[in-house]
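Open the model in your viewer and keep the selection panel at hand. We will go stop by stop.

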Number of protein chains: 2
Amino acid sequence: MKTYLQCIPCFVKQALRAGYLSTNNEHEIKALMDRIGCRIKDITLDQTPPEMGLIIYDEIHKITGIDDLYKNEKKAHIKEAKRLYPMLKKRLQSADDTLLMAVRIAIAGNVMDLGMEKKFHIENDLEHILERDFAICDLMDFREKLDQAEHILYLGDNAGESVFDKILIEAMAKPVTYVVRGRAIINDVTEEDAIDSGLDEVAEIISSGSPAPATILDLCNEDFLKRFKQADMIISKGQGNYEGLSETDRPVFFLLKAKCPVIAADIGVKEDDIVLLSVQKTPMEK
Amino acid sequence: MKTYLQCIPCFVKQALRAGYLSTNNEHEIKALMDRIGCRIKDITLDQTPPEMGLIIYDEIHKITGIDDLYKNEKKAHIKEAKRLYPMLKKRLQSADDTLLMAVRIAIAGNVMDLGMEKKFHIENDLEHILERDFAICDLMDFREKLDQAEHILYLGDNAGESVFDKILIEAMAKPVTYVVRGRAIINDVTEEDAIDSGLDEVAEIISSGSPAPATILDLCNEDFLKRFKQADMIISKGQGNYEGLSETDRPVFFLLKAKCPVIAADIGVKEDDIVLLSVQKTPMEK
């Protein structure tokens, strides 16, 4: 997804939120905002929004020396999600359609996003998402592809959400490779977070190499790119991965909650809608 | 009022709104955003927010050559306010407290602000403001000062709102000098707008010389500064004038609706509150 003009004030807001978290010194935060302001020109409208995310967190690192700004939040979210895990497994057992419920649970986890201004309350949001209608639900395609797939490439999004991913991975009962970011950025899931979430018990964990809060193919490592090219089935979680991959010519299932109005409009849904979207470009579109 | 960190994303949003209004070319708007981003560093936290407003509209002028971006909106607002004028005069005649009702009407006009993200609907907002309680209402001071005053310096804010100011000026029944901005900026009232609003029938109209959307004393002309220093009574309309003058050592009555959460917090009220605030610094505070 390209960067829209409306993304620009949002970048600045995100930088300010991160600034407040990284220091109490308002002059240090002002210095960060000055630097971020001057970097707006480095993002063109053809680039994806998470590439600006990368710039923001690089500038924070330069000013504060902090590598993993949301470390404590990530640990807390994983702990909270693990606490909910047994209850969610029970919900799954009593569901009419186990796969659909597992998809819902994985999408519900997607509210755990600290890149957004919106506050979340995982238990309340969970109940809401488990009950609500999908705006797009390509479940038939998803089920069909899953039946045929020998191996699934699963692109993780946030720490905490990763525990909810585990439930979907268990429900799919196929070999899965779970892909994490190349380094800590916002509250995106890293290898350490994935292991902390128990994903090593159900999947192989690899890094995409992407330092951005998204799968940006130009920034990924060769191993990941090879797997991405050859994968039987690709599941992409969250907005960041959608922003990075919405134009790819590989078939991808996007599972997300459209928390941002710009991304919602790009998908063609409304803000707060939940989506299981199969994107498979026809040769014409390619 | 100093610039708060939270003002920074708001500057960027304001620039984007003005960009959309000035051109349909997204690359031209992006170029504006790039320039605005780089100017964030030129505002310190000790300056007032309208000084950034000045920078934003200067950059728009440089890119688009447009001097008076909101010209059509200003004309439409004045026309709409004039249409309401006879009804408001009737309301005033039937009010228990004519002066208080005139103050309310003048404050109601303050919703006509295009520097804010909030949309307004003057007729609906008017009814709401004419009925609601003041968060701060220093009416006794106001009445007392008005009784003693031989001449009033009235600092105008927005075009359209200016017609509502006329009603308060008429109700006060004292000689008034009505002060307009030094040039067109956002939808702030200029000399032309003041005459279009009929203010020349009830007041002397002068320019403060301030090119910013506020009375910034460092940017005002000598004639205004002299009158400001000597004025019997100063009435300041709107947020911009508050931002520029909240630290002045001259006694000022601020009449405004707190449309912005940062300004509301600075005054000590809640967002959307209406205020008639007498600021008279004690020698200690000076």
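In what order do the seven strands of the open sheet in chain B run? This is a predicted model. Select the strands of chain B and read across: β1-β7-β6-β5-β2-β3-β4, with mixed pairing.

Now go to the edges. They are β1 (136-137) and β4 (204-207) of chain B, and each pairs on one side only.

Next, select residues 233-237 and 252-257 of chain B. These are strands β5 and β6, paired in the parallel sense over three bridges. Zoom in on B:S236; its bridge partner in β6(B) is B:F254.

Move to B:Y154. The largest nonpolar core has 173 residues, and A:Y154 and B:Y154 touch the most other members. Show the surroundings of B:Y154: beyond four places away in sequence, this residue touches B:D165, B:I169, B:V176, B:T177, B:Y178, B:V179, B:A203 and B:I235.

Zoom out to both chains. The same surface serves both copies, as 100% of the contact residues of chain B recur in chain A.

Last stop: the contact. Chain B gives 16 residues and chain A gives 16 residues. On the chain B side, select α1 (7-22) and α2 (26-39); each supplies at least two residues. The largest share, seven residues, comes from α2(B). Color that side by type: ten residues are nonpolar, one is polar and five are charged.

Terms used
Residues are numbered from 1 along each chain as its sequence is written. Chains are lettered from A and ligands numbered from 1 in the order in which they are written. This is a predicted model: local features need pLDDT of at least 70, side-chain atom pairs count only at pLDDT 80 or more; totals for chains, interfaces and linings use all residues. Two residues are in contact if their C-beta atoms, placed from the backbone, lie within 7 Å. Helices (H or I, at least four residues) and strands (E, at least two) are DSSP runs, numbered from the N terminus. Ala, Val, Leu, Ile, Met, Phe, Trp, Tyr, Cys and Pro count as nonpolar, Asp, Glu, Lys and Arg as charged, and the others, Gly among them, as polar. A nonpolar core is a set of buried Ala, Val, Leu, Ile, Met, Phe, Trp, Tyr and Cys residues joined through C-beta atoms within 7 Å. A residue is buried if 20 or more other C-beta atoms lie within 10 Å of its own, exposed if 12 or fewer, and partly exposed in between; C-beta atoms are placed from the backbone. Two strands pair if DSSP finds at least two bridges between them.
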